[in-house]
Amino acid sequence: MKIDFLINSLSSGGAERVMTTLANAFSEKKNDVRLITFNDNDFYKLNTNVKRVKLHHGLIKNHTIRSLINLFSFLYNKNSRPDILISFLPQNNLITIVVAKILGIKLIISEHSNHKVEVSSKIKKIRKYLYKYADFTTVLTSFDVSFYESLGAKVSVMANPIVLPNKINKFENRKKNILIAGSLNRFKLKGFDSLLHIINPILKSNPDWTLTIAGTGEKGMLKLKDIVRVLNIEEQVIFTGFCENIEELMQNSQIFILSSQYEGLPMVLMEALSNGMSCIAYDCISGPRDLITDNKNGLLIENQNAKLMRDGILKLINDDNLRKKLAENSPLSVDKYSVENIMQQWKDLILKID
């Protein structure tokens with residue numbers, strides 16, 4: 001099968017990571033895979049048998065028009081067309097819908113956040129007027145299905161795939177470390193600034209515990225470091241910056257906190273569960289409820305309730321048995337999101353297209 005994946009760039013975002021994972025997985029199953037972008041920034045690594053196509057050229061200043069022309073020209077020859085085109089994120093979906101309809105190419109478009117997230121009027125119009133012309137629109141959870149169906153789109157729930165670890169470090173061998181991770185420049189949406197104030201008295205009363213903040217974003221890091229300095233917890237807070245091996249960091253930490261105001265289906269929480277961490281998350285829209293069964297494989301906290309979050313973290317720190325129980329149950333809860341399972345769901349969806 002000839003499959004073209006399309007995204008704006010391979011920058012260090014969640015959607016980009018998912019697309020890279022899928023492209024690599026399909027290529028390993030002897031499919032003819034190309035990954036197309038409109039801008040530079042190759043943060044993620046592709047298998048050598050994935051053909052990289054960079055449609056970055058042209059003098060037209062308008063990015064959408066330039067990209068549309070470049071994609072149309074690239075796929076104009078019938079011999080250059082894929083059996084299926086898979087596009088991520090609204091701006092790219094606009095381009096691929098237009099080109100796919102003109103050239104008669106089968107198309108699946110994907111959303112990677114929930115529909116309640118505030119977006120520009122342009123993105124609202126793209127969803128309202130164009131999504132119905134794609135063969136399928138995939139969403140991360142059932143929370144979004146009715147919204148896109150109301151716009152006339154054919155919708156399928158398609159979770160993010162994760163690469164499951166080959167082995168998991170014993171929980172008792174791990175450091176007394178709490179981990180949070182994500183884009184530091186989006187610290188407000190990720191709730192990192194609020195969490196520092198929540199965890200401040202916990203760290204001070206538990207000097208044998210540390211907090212590690214993993215992620216990039218210079219402006220956000222400066223802001224968060226300033227909060228840490230003001231709170232006088234510098235000796236217990238570690239900033240890793242870019243973390244090349246998040247799996248190793250997770251398997252040497254005990255507690256993971258997701259403090260986001262909203263999510264789609266949070267990859268970082270999925271990874272924390274797969275690596276046997278004791279997880280606690282705000283029950284935000286959307287994602288955590290799909291991944292965590294409260295008090296079984298993690299703790300779910302009323303969204304943005306700072307007091308309950310503090311109580312939950314303290315509960316995990318003070319109850320060794322609970323912490324260990326949640327950590328033992330967490331890997332099994334994400335087996336269904338393995339690359340193999342999600343790739344099969346993609347294959348099944350492709351076959352549904354007439």
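Leucine 89 counts as partly exposed, at 24% relative accessibility. This residue is found in the loop between strand E4 (84-88) and helix H3 (90-103) of what is a predicted model. Most residues other than glycine have a negative phi, and most peptide bonds are trans.

**Backbone features in loops**

- Glutamine 304 has a positive phi of about 65° although it is not a glycine.
- The loop that holds glutamine 304 runs between strand E13 (299-301) and helix H12 (306-318).
- Isoleucine 285 and serine 286 are joined by a cis peptide bond, with omega about -15°.
- Serine 286 belongs to the loop between E12 and H11.

**Helix H10 and its cover**

- Helix H10 (residues 267-274) is mostly covered, since eight of its eight residues are buried.
- Among the buried residues of H10 are Met267, Leu269, Glu271 and Leu273.
- The cover over the buried residues of H10 includes helix H1 (14-28), strand E8 (177-181), H9, E11, strand E12 (278-282) and helix H11 (288-291).
- Glycine 276 follows H10 and has a positive phi, near 70°.

**Serine 253**

- Serine 253 sits in the loop between helix H9 (246-250) and strand E11 (255-258).
- Serine 253 is classed as buried because its relative accessible area is 1%, and buried means under 20%.
- The side chains of serine 253 and asparagine 177 are joined by a polar contact of 2.8 Å.
- Leaving aside neighbours within four places in sequence, serine 253 is in contact with Arg174, Lys175, Asn177, Leu179 and Met277.

- Strand E10 (residues 237-241) has a covered face made of Val237, Phe239 and Gly241, and an uncovered face made of Ile238 and Thr240.
- Strand E9 (residues 210-214) pairs with E10 in the parallel sense, over four bridges.
- Valine 237 in E10 has leucine 211 standing opposite.

**A nonpolar surface patch**

- Ile60, Ile65 and Ile69 make a nonpolar surface patch of about 240 Å².
- Isoleucine 60 lies in the loop between strand E3 (50-54) and helix H2 (63-75).
- With a relative accessible area of 38%, isoleucine 60 is partly exposed.

Terms used. Residues are numbered from 1 along each chain as its sequence is written. This is a predicted model: local features need pLDDT of at least 70, side-chain atom pairs count only at pLDDT 80 or more; totals for chains, interfaces and linings use all residues. Side-chain values use heavy atoms; hydrogens and water are left out. Helices (H or I, at least four residues) and strands (E, at least two) are DSSP runs, numbered from the N terminus. Buried means under 20% relative accessible area, exposed over 50%, partly exposed in between (1.4 Å probe, protein chains only). A polar contact is a pair of N or O atoms within 3.5 Å; within protein, one must be able to donate a hydrogen and the other to accept it, and residues adjacent in sequence count only if both atoms are side-chain atoms. Contact means heavy atoms within 4.5 Å. Patches are made of residues with over 30% relative accessible area and no salt bridge: like charges are joined within 9 Å, nonpolar side chains (Val, Leu, Ile, Met, Phe, Trp, Tyr) within 5 Å. Accessible areas come from the Shrake-Rupley method with a 1.4 Å probe; for residues, only the protein chains shown count as cover. A salt bridge is a side-chain nitrogen of Lys or Arg within 4 Å of a carboxyl oxygen of Asp or Glu. Two strands pair if DSSP finds at least two bridges between them.
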